[in-house]
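Hello,

Here is the structure I promised to pass on. Please open it and keep it beside this email as you read.

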Amino acid sequence: MTPISPPPPPPLSLYIHIPWCVRKCPYCDFNSHAAGPQLPEAEYVARLCDDLQQDRALARGRKLASIFIGGGTPSLFSAAAIGEILAAAESLVGFGEAIEITLEANPGTAEQRKFSDFRAAGVNRLSLGVQSFEDEKLRRLGRIHSGREALVAVDIARRAGFDNINLDLMYGLPSLPQDTAVATLANLGQALTDPEPGTEPGTGIVGTGIDSVANPVANPGQALTDQPGTGTDSASPGRALALEQSLADLEQALALAPTEPGGEPGTGTDSATEPGTGQPGTRPEPGTGIDSADSDLVNLGQALTAVLTDLDSGPGLNSDMNPGQALALKQSLADLEQALALAPEHLSWYQLTIEPNTEFYSRPPQVPDGDTLADIQQQGEALLQANGFYRYEVSAFARPARQSVHNRNYWEFGDYLGIGAGAHSKVTRADGTVERLRKTRQPQHYLYTGRQFIAGRQTLTHSELPLEFMMNALRLTEGVSQRLFSQRTGMALEAIADPLRRLHERGLMTPDPQRLQTTATGLRFLNTVLEAFMSDKRPS
């Protein structure tokens with residue numbers, strides 16, 4: 001592989017990590033820690049300034065194009081502390097024209113005066129970690145805010161003077177007990193009102209014996225009609241027992257659902273009442289009620305058709321979806337629609353992933369299946385595009401001219417300094433070599449004045465650079481110019497000619513001679529594309 005002359009240094013950004021949050025979320029694998037009664041704000045700000053002082057030589061005379069203050073929950077710090085950090089950055093490194101300065105904030109910590117002070121301190125872009133607007137989903141995610149507080153936070157930000165707001169949203173969120181109950185109701189209604197060909201309601205419904213409805217709660221996303229029963233399909237005693245078991249599972253789901261203050265689990269819900277009476281229902285005893293079992297089943301099925309009708313009425317639903325899938329799609333699209341109604345400039349919309357070293361990894365929640373996630377992504381992207389949001393990166397959507405400067409610098413393999421506990425840097429040296437650095441991770445170690453900030457460093461080799469570059473650049477839907485590869489890596493394009501040719505032949509990258517860009521299929525299977533640039537997959 002042939003190196004070329006050292007390229008000009010790329011743009012420079014600054015990442016500032018503030019590791020504390022009110023409470024650690026069960027899905028979070030970031031370097032974040034629950035805050036104690038007293039934040040060491042002044043001490044940490046002093047260490048951040050010292051950290052940047054030591055790294056300033058890496059700037060090589062470049063001014064900052066962007067700053068991102070992340071965490072944790074940086075909005076826990078005072079505006080005065082944020083202002084002090086920004087003043088140090090301007091003094092030690094310098095700000096470029098039209099610098100973008102983003103602060104992450106939790107809607108649960110939004111205050112009018114504080115947000116106004118953040119704006120006055122120099123923050124000009126706010127990123128709100130909304131995740132969902134549904135209260136029960138937020139509680140399941142361990143978030144400290146409600147859906148209403150998310151709405152209020154956006155309003156507070158606007159009144160504070162922010163005209164550039166990003167909302168973080170997730171899809172593929174864990175199912176809740178009430179979701180399970182709704183899916184179970186819909187599955188029962190579908191099974192009880194749609195008899196197999198050749199049967200009449202009230203005369204025996206083929207394929208809904210004991211086994212087929214024994215535990216809908218264990219797999220609420222699968223319609224009962226998809227599971228042929230192995231019990232006594234049409235005999236009234238078997239059907240009465242099936243109803244007994246199904247309603248017992250339903251009651252279990254309802255008992256697990258959160259209630260209003262003062263309410264008892266499993267009570268005060270229409271789904272537990274006798275159809276058409278509003279009175280508490282009475283389940284038949286196993287093996288009894290033989291004469292009325294058929295009519296009971298049909299009456300229940302008719303009472304539940306409203307659930308099916310509601311699930312079938314949403315945008316983007318299709319007849320192949322079972323009720324659990326339809327419910328997950330409707331909830332995800334509802335979150336997006338609410339976000340769009342708030343008119344943000346930018347949306348980060350991404351799938352919940354279960355990462356190691358998280359509570360969810362230890363106790364995995366039930367999440368939508370792969371087919372449902374694909375439907376959510378397809379319908380969600382169409383909704384965002386129809387509302388003027390362009391997908392410019394795997395999980396980033398923006399209005400025209402509102403793409404994140406900071407994130408684009410990452411994806412275009414630009415340089416960035418990272419200060420704070422566990423922060424990472426990527427810098428290009430004067431000789432063209434690319435180096436990664438990481439800072440000491442534990443906040444208490446970072447605060448110790450006798451300890452060095454840098455905990456590790458790595459110089460990327462020519463065999464590593466192609467994959468490192470592509471892992472970032474190919475996340476952009478439009479890709480990057482081929483010239484950028486040489487400018488950022490110091491290597492000739494011929495170094496990756498063979499994997500490019502093979503990916504073109506497989507239809508995973510576009511044949512455009514001027515750009516490095518995946519096809520739509522390549523973006524969907526990006527890991528497969530990136531494997532081609534691993535050093536052991538390329539000819540030496």
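Two strands count as paired if DSSP finds at least two bridges between them. Keep that in mind for the strands below. One caution too: this is a predicted model.

**The whole chain**

The chain has 540 residues, and 50% of them are buried. It holds 18 helices and 16 strands. Its accessible surface is about 24200 Å². Carbon and sulfur atoms account for 49% of that surface.

**Strand S6**

Start with S6, residues 125-131. How many of its seven residues are buried? Seven of the seven are, so the strand is largely enclosed by the rest of the structure. Look at its two faces in turn. On one side sit Arg-125, Ser-127, Gly-129 and Gln-131. On the other sit Leu-126, Leu-128 and Val-130. Both faces are covered.

Which strands does S6 pair with? One is S5, residues 95-105, joined to S6 by four bridges. The other named here is S7, residues 165-171, joined to S6 by five bridges. S5 and S6 run parallel, and S6 and S7 run parallel as well. Thr-102 stands opposite Arg-125 in S6. Leu-126 stands opposite Ile-165 in S7.

**Val-480**

Next, go to strand S15, residues 480-481, where you will find Val-480. Is Val-480 buried or exposed? Its relative accessibility is 4%. The cut-off for buried is under 20%, so Val-480 counts as buried.

What does Val-480 touch, leaving aside its neighbours within four places in sequence? Its contacts are Glu-412, Phe-469, Ala-473, Gln-514, Arg-515 and Leu-516. Look at Gln-517 as well. Val-480 and Gln-517 are 37 residues apart in sequence. In space they are 6.6 Å apart, C-alpha to C-alpha.

**A patch on the surface**

Finally, turn to the outside. Ile-354, Tyr-361 and Val-367 form a nonpolar patch on the surface. Together they have about 250 Å² of accessible area. Tyr-361 lies in helix H10, residues 359-362. Its relative accessible area is 47%. Buried means under 20% and exposed means over 50%, so Tyr-361 is partly exposed.

Best wishes

Key: Residues are numbered from 1 along each chain as its sequence is written. This is a predicted model: local features need pLDDT of at least 70, side-chain atom pairs count only at pLDDT 80 or more; totals for chains, interfaces and linings use all residues. Side-chain values use heavy atoms; hydrogens and water are left out. Patches are made of residues with over 30% relative accessible area and no salt bridge: like charges are joined within 9 Å, nonpolar side chains (Val, Leu, Ile, Met, Phe, Trp, Tyr) within 5 Å. Accessible areas come from the Shrake-Rupley method with a 1.4 Å probe; for residues, only the protein chains shown count as cover. A salt bridge is a side-chain nitrogen of Lys or Arg within 4 Å of a carboxyl oxygen of Asp or Glu. Helices (H or I, at least four residues) and strands (E, at least two) are DSSP runs, numbered from the N terminus. Buried means under 20% relative accessible area, exposed over 50%, partly exposed in between (1.4 Å probe, protein chains only). Contact means heavy atoms within 4.5 Å.
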